[in-house]
Amino acid sequence: MSDPIAREDAEEAPRRRFELDDQGFDEVPAKYRRFYRHWKGPGDALGANEVVCPVCKIVIRSTRELRSGDRLYCMACMTRLRVREGEAGRLEADCEY
Ligand SMILES: [Zn+2]
């Protein structure tokens, strides 16, 4: 008999979870603000749960660790995105049409 939880773990390593705080991103409705923040430029470090929208250059944040292949929706510019592994293992996002 196989434990469904163990099987799930075998398919995908557990993802880290993140607490998101409101960083004052006021271009989306208040209840969604914590999922976005402004990109502060080249010195800005992205968390494992963050990726920069290639269209509007804001940072999209998730409560879960992001992985290559994940789909995201940028509410700020209404673009559908797909996460991929970019240079140096950093996560980047491409537009999906
Ligand atoms: Zn965007």
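I started at Arg 80 and found its bridge partner in S6, Glu 96. Residues are numbered from 1 along each chain as its sequence is written.

**Sheet.** Strand S5 (residues 79–85) runs antiparallel to S6, and 6 bridges join them. S4 and S5 are also antiparallel, over 4 bridges. I count two strands as paired if DSSP finds at least two bridges between them. The strands themselves are DSSP runs (E, at least two residues), as are helices (H or I, at least four), numbered from the N terminus. Together this gives an open sheet of 3 strands in the order S4-S5-S6, with antiparallel pairing. Its edge strands are S4 (71–74) and S6 (91–96), each pairing on one side only. Neighbouring strands here are turned by 40° against each other on average, direction ignored; the axes are lines fitted to C-alpha atoms, for helices over the stretch in contact, with angles running from 0 to 180 degrees between N-to-C directions.

**Arg 82.** Next I checked another residue of strand S5, Arg 82. Is Arg 82 exposed, partly exposed or buried? It counts as partly exposed because it has 14 C-beta neighbours inside 10 Å. My cut-offs were 20 or more other C-beta atoms within 10 Å for buried, 12 or fewer for exposed, and partly exposed in between, with C-beta atoms placed from the backbone. Arg 82 touches Gly 69, Arg 71, Ala 93, Asp 94 and Glu 96, leaving out residues up to four places away in sequence. Contact here means C-beta atoms, placed from the backbone, within 7 Å. Gly 69 is 13 residues from Arg 82 along the chain, and their C-alpha atoms are 6.0 Å apart.

**Cys 53.** This one sits in the loop between strand S2 (50–52) and strand S3 (58–61). Cys 53 is buried, because 21 other C-beta atoms lie within 10 Å. Its contacts beyond four places in sequence include Ile 60, Cys 74, Cys 77, Leu 81 and Ala 93. Cys 53 is also one of the 11 residues of the largest nonpolar core, along with others including Phe 35, Tyr 36 and Leu 66. Such a core is a set of buried Ala, Val, Leu, Ile, Met, Phe, Trp, Tyr and Cys residues joined through C-beta atoms within 7 Å. S2 and S6 each supply at least two residues of this core.

**Positive phi.** Most residues other than glycine have a negative phi, so I looked for exceptions. Lys 57 has a positive phi of about 65° and lies in the loop between S2 and S3. Lys 57 counts as exposed because it has 12 C-beta neighbours inside 10 Å. Met 78 takes a positive phi near 55° in the hairpin of S4 and S5, which has 4 residues between the strands. Met 78 is exposed too, with 9 other C-beta atoms within 10 Å.

**Confidence.** Last, I checked pLDDT, the predictor's confidence in each residue from 0 to 100. The chain averages 89, and 89% of the residues score at least 70. Helix H1 (residues 4–11) is lowest at a mean of 55, while strand S1 (residues 36–38) is highest at 97. Where pLDDT is low, the predicted coordinates should not be read in detail.

Key. This is a predicted model: local features need pLDDT of at least 70, side-chain atom pairs count only at pLDDT 80 or more; totals for chains, interfaces and linings use all residues. Two residues are in contact if their C-beta atoms, placed from the backbone, lie within 7 Å.
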